[in-house]
Amino acid sequence: MDRTTSLLSLLLALCAAGALAHAVSYGHVTSDDAFISLRYGRNLAEGNGLVFNPGGERVEGFSNPVFTLISAAFLKLGAPPITTVKLIGIACWAALVLLCARFARELRGDDPAAGVVAALLLASSTFPALWAGAGLETMSHALLVTAGTWIAGRECGSGRVRWSPLMFVVVAASRPEGALLAAAAAAAQLAALRREAFGILRAWTVRFAVPVAALLAARYAY
């Protein structure tokens, strides 16, 4: 590793650390909506089911199934509720900064400087830093969407669709609009790989549409 590469790696690490510090500075901000997921998660962890009130109706009053289930898992282990969801968001925020740096670097033809610039711009942004520690799924969803987009783009370059549909299954289970983002990713791959249209449609049907339909059916049945 030459001196320039070492310096850029150090700057990237500093950007990630700065992103963490930036988010922690807004640690006093907590969204009221965070308590919805925590309420459902606590009842699930305590064996009362995925309900808002123990013994109450099975109404899906949350819009973030993945985050609610993750919250339930940590609550089952005895983790402190608010601190846990805040730390999840902040960790996803730091990971998002690093992933965007990698994304930007590849888009610029493996230019490390582009990655550092992207990381610096994102880490210094107030809006995501504030919401990272607010207790919501904002940053985990953003990380999933960015990862799915990155994978879908790499598959366009390789000419073979494999993991992006599965990644967008998680995106679709993370937020309701995730299904629309998945459709956009599939459309982009079809536009880029028109000669492989049949294979792409098959991959998205088997690896995205079928699992998502099964998840929706299970949620409806519950």
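Biologist: How many aromatic pairs does the count come to?
Modeller: The model is predicted: local features need pLDDT of at least 70, side-chain atom pairs count only at pLDDT 80 or more, and totals for chains, interfaces and linings use all residues. Residues are numbered from 1 along each chain as its sequence is written, and side-chain values use heavy atoms, with hydrogens and water left out. Rings of Phe, Tyr and Trp (its six-membered ring) pair if their centres lie within 6.5 Å; planes under 30 degrees apart are stacked, over 60 edge-to-face, the rest tilted. By this rule the count comes to 5 aromatic pairs.

Biologist: Is Phe127 buried or exposed?
Modeller: Buried means under 20% relative accessible area, exposed over 50%, partly exposed in between (1.4 Å probe, protein chains only). Trp131, at 28%, is partly exposed. Phe127 has a relative accessible area of 59%, so Phe127 is exposed.

Biologist: Which residue lies over the face of Phe52?
Modeller: Ring pairs link Phe52 with Tyr40 and Phe62 into a cluster. A charge sits over a ring if NZ of Lys or CZ of Arg is within 6 Å of the ring centre and within 35 degrees of the ring normal. At 4.8 Å from the ring centre of Phe52 lies Arg39.

Biologist: Over the face of which residue does Arg58 lie?
Modeller: The distance to the ring centre is 4.2 Å. The ring belongs to Tyr222.
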